[in-house]
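Here is a short briefing to read alongside the model. Have the sequence and the 3D view open, and let's walk through it together.

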Amino acid sequence: CKEEGDEGRSASRALRHLRPLEKIKVFGDATTPLNQILKPFHVSVIDLSGLNDVSQDYIVGRLLNEIVEYRVQGKLKWPIFIFLEEAHKFVPNPKSTSYGRIGKFSSPIINTIAAEGRKFGVFLTLITQRPSKINQDSLSQCNSQIILRITNPTDQRAVMEASERLGEELMRDLPGLNIGEAI
């Protein structure tokens with residue numbers, strides 16, 4: 001795009017962002033409208049297993065941005081509850097070794113939902129087996145936590161730092177929890 005002026009520069013910037021998206025093999029001829037996914041009194045499961053991390057990251061980021069936008073614009077009158085499995089893949093801790101490879105598209109909106117989503121009627125549940133790999137800002141916004149057995153000291157510290165109410169005594173109990181037991 002060799003046009004002069006602001007339009008040419010804008011088009012060039014847009015192309016730079018779109019070219020990498022061409023490599024993500026998730027685009028097709030059909031789509032499901034968001035209002036069909038977010039019906040009241042229904043559960044919609046978006047199963048992204050089998051896709052590479054970049055594709056999953058893009059889809060989660062795009063979908064969550066659209067959900068928040070719908071709620072802000074008043075297109076949805078009911079609250080939305082999002083359960084994000086393998087959350088460490090979408091909102092990584094900047095200190096994590098995987099940071100930079102994942103979370104590029106989804107991390108900003110997840111951090112926004114964690115911090116401000118409640119006022120828009122968008123509620124978030126982060127699910128992970130590796131809490132130390134989740135962005136601490138998002139983790140600390142989780143007002144309610146269900147903590148199952150954690151034996152890794154790094155993960156225990158991450159949970160302790162994110163939770164104001166979890167004391168040393170409860171932390172010592174985490175490695176000894178049985179299957180199905182939680183704090």
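Helix α4 has a kink of about 60 degrees centred on A114, where the bend at a residue is the angle between axes fitted to the seven residues ending there and the seven starting there. This is a predicted model, in which local features need pLDDT of at least 70, side-chain atom pairs count only at pLDDT 80 or more, and totals for chains, interfaces and linings use all residues. Residues are numbered from 1 along each chain as its sequence is written, and side-chain values use heavy atoms, leaving out hydrogens and water.

**Helix α4**
- Helices are DSSP runs of H or I with at least four residues, strands are E runs of at least two, and both are numbered from the N terminus.
- Buried residues (under 20% relative accessible area, 1.4 Å probe, protein chains only) in α4 are S107, I109, I110, I113, A114 and G117.
- Their cover includes α3 (53-73), β1 (80-84), β2 (122-126) and α5 (136-140).

**Around I127**
- I127 sits in the loop between β2 and α5.
- Contacts (heavy atoms within 4.5 Å) of I127, leaving aside neighbours within four places in sequence, are F83, L84, E85, E86 and A87.
- Between I127 and E86, the C-alpha to C-alpha distance is 5.9 Å, although they are 41 residues apart in sequence.

**I82**
- Not counting residues up to four places away in sequence, I82 touches L64, I67, I113, V122, F123, L124 and T125.

Technical notes: Buried < 20%, exposed > 50% of the residue type's maximum accessible area, 1.4 Å probe, protein only.
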